[in-house]
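Look at the sequence and the model first.

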Amino acid sequence: MTDAVIAGTGPAGLMSAWRMADHGLDITVLEKRAKETDSLMGELVTDKALRFLRVQPTSEYIGNKYTSIVGESLDTGSNIVVDRSLLGNSYLLDEDKCQELMRERAEADGAEFRFNSRVSSVIKENGIVSGVKYGGGDTVKAPLTVGADGSFSRVSETAGFTHPKWLLSYGYRFKLAGCKNIDPKVAYFYVGKDVGLGYLWMYPRSETEVNLGIGRVPSSVEEWNKLPPMKDVLRKYMRTHDETKDAKIVAVNGGVVPCAGIIPRFTDAGVALCGNSAGQVSSIVGGGVTTCFHAGIMLAKHAKRMVDEDDFSAKSVKKYEKEYLSSKLAYNITQTGKGMWAVSKYAMFNDPIAAAEIVLDELDAKTLNELIQGTAGVSTYMALFSNFLPMVLKIGMGYMKAIAVSGL
Ligand SMILES: Cc1cc2nc3c(=O)[nH]c(=O)nc-3n(C[C@H](O)[C@H](O)[C@H](O)COP(=O)(O)OP(=O)(O)OC[C@H]3O[C@@H](n4cnc5c(N)ncnc54)[C@H](O)[C@@H]3O)c2cc1C
């Protein structure tokens, strides 16, 4: 019997574990893989993630820092350059070192990690979750069970949480070595017909090493089947760019990220979800590292309260859900989740890449930033409206068509 059992050692599970142990709780962490670094954690983050992780930008946990980010069309080459004065700092985490750091900090505070331990279901007593079954029939009993076991969470499914409709982004990544003439201070995001509804990214690790990835949301099975496989899109990028033509693929991995917003309910008596399992991911970009850290820290604070009050009732656990939903990050996830649904519906019947091309051609970085930060004035909106009238009309008509055809 421990205070809490956590399923999963992604960023959500590791952050929850570290902070719960830091609060003095007795916890057990179960991970189906052989070690925490076997799974992908995600890597491009801003200052906020470093603050949550309590690491310095100059420390060994940071693999690289970018001074600008370029958004580019693979089809036409039109692009937009955003520098750090507009978007703030962007860092590439050293994923493995960051995961090890969180595990070591949790262990130093007494957390127990059991690897090769796949959770099969939660245990319920009188309808209340009281631990998990794992491996070949082992159990861990705890008054609080945390499902940080990713997009296809067993904890979520067996505890009875429902996902109204999951909009998933499928991601695939190569780590490349032996590249040439890479500017290590510039990260790239690409859109294009082959990419589909999503983006391809190129994050340099050094002058000769980059991470090349692609994330794509299927708007419909038919649309998905028309697109080339994601691996082929990455290989084509490598072939057609001098910098990566002769590079070697040194690692391949991937995963799935929910991008339709937070699920309606993610707590109940004795159980709480954290991270991808609860849809706590920035919907438009599919960024989950910072949002998982944020949720894990908040959950740990509430776990400490529950232990102190010896109250793991549905009402008590729900206080985590309530505080989480009132946070700014949760608000952003919900809003961008709605946007993502609209975009995917639009994409079923129209060409979102054509719209993205117009944006890349017309929009400058300063205006883009004003729109993201919500600081754009009336004159900016007026100018945009006239510049983008053809696009607004095109998207508006396309969206109406999507609504008419899908009946939603
Ligand atoms: C290709 C790709 C690139 C990405 N890049 C970025 C990025 O640059 N920046 C960013 O912010 N985000 C990025 N993300 C998103 C980010 O990686 C995820 O949102 C984040 O990892 C979610 O964390 P999590 O802890 O909730 O789940 P996961 O990272 O999925 O971790 C879940 C853990 O649970 C374990 N598990 C699963 N089932 C069980 C079970 N039954 N029993 C025990 N253990 C189990 C898994 O092995 C895994 O270790 C990327 C995602 C992908 C796919």
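The points below cover ring pairs, a ring cluster and charges over rings.

This is a predicted model. The structure holds twelve aromatic pairs. Two of the pairs are described here, one edge-to-face and one stacked.

**The edge-to-face pair**
- Tyrosine 170 pairs with tryptophan 224 edge-to-face. Their centres are 5.5 Å apart, with 65 degrees between the planes.
- This pair links distant parts of the chain, 54 residues apart. Tyrosine 170 belongs to strand β13 (residues 168-177), and tryptophan 224 to helix α6 (residues 221-226).
- Tyrosine 170 has a relative accessible area of 31%, so this residue is partly exposed.
- Tryptophan 224 is also partly exposed, at 26% relative accessible area.

**The stacked pair and its cluster**
- Tryptophan 201 and tyrosine 203 form a stacked pair. The centre-to-centre distance is 5.9 Å, and the planes are 25 degrees apart.
- Tryptophan 201 counts as buried because its relative accessible area, 13%, is under 20%.
- Tyrosine 203 is buried too, with a relative accessible area of 6%.
- Trp201 and Tyr203 belong to a cluster linked by ring pairs, together with Phe189 and Tyr199.

**Charges over rings**
- Arginine 216 places its charged end over the ring of tryptophan 224, 5.1 Å from the ring centre. Tryptophan 224 is also the partner of tyrosine 170 in the edge-to-face pair.
- The charged end of arginine 19 sits over the ring of tryptophan 18. Here the distance to the ring centre is 4.4 Å.

Technical notes
Residues are numbered from 1 along each chain as its sequence is written. This is a predicted model: local features need pLDDT of at least 70, side-chain atom pairs count only at pLDDT 80 or more; totals for chains, interfaces and linings use all residues. Side-chain values use heavy atoms; hydrogens and water are left out. Rings of Phe, Tyr and Trp (its six-membered ring) pair if their centres lie within 6.5 Å; planes under 30 degrees apart count as stacked, over 60 as edge-to-face and the rest as tilted. Helices (H or I, at least four residues) and strands (E, at least two) are DSSP runs, numbered from the N terminus. Buried means under 20% relative accessible area, exposed over 50%, partly exposed in between (1.4 Å probe, protein chains only). A charge sits over a ring if NZ of Lys or CZ of Arg is within 6 Å of the ring centre and within 35 degrees of the ring normal.
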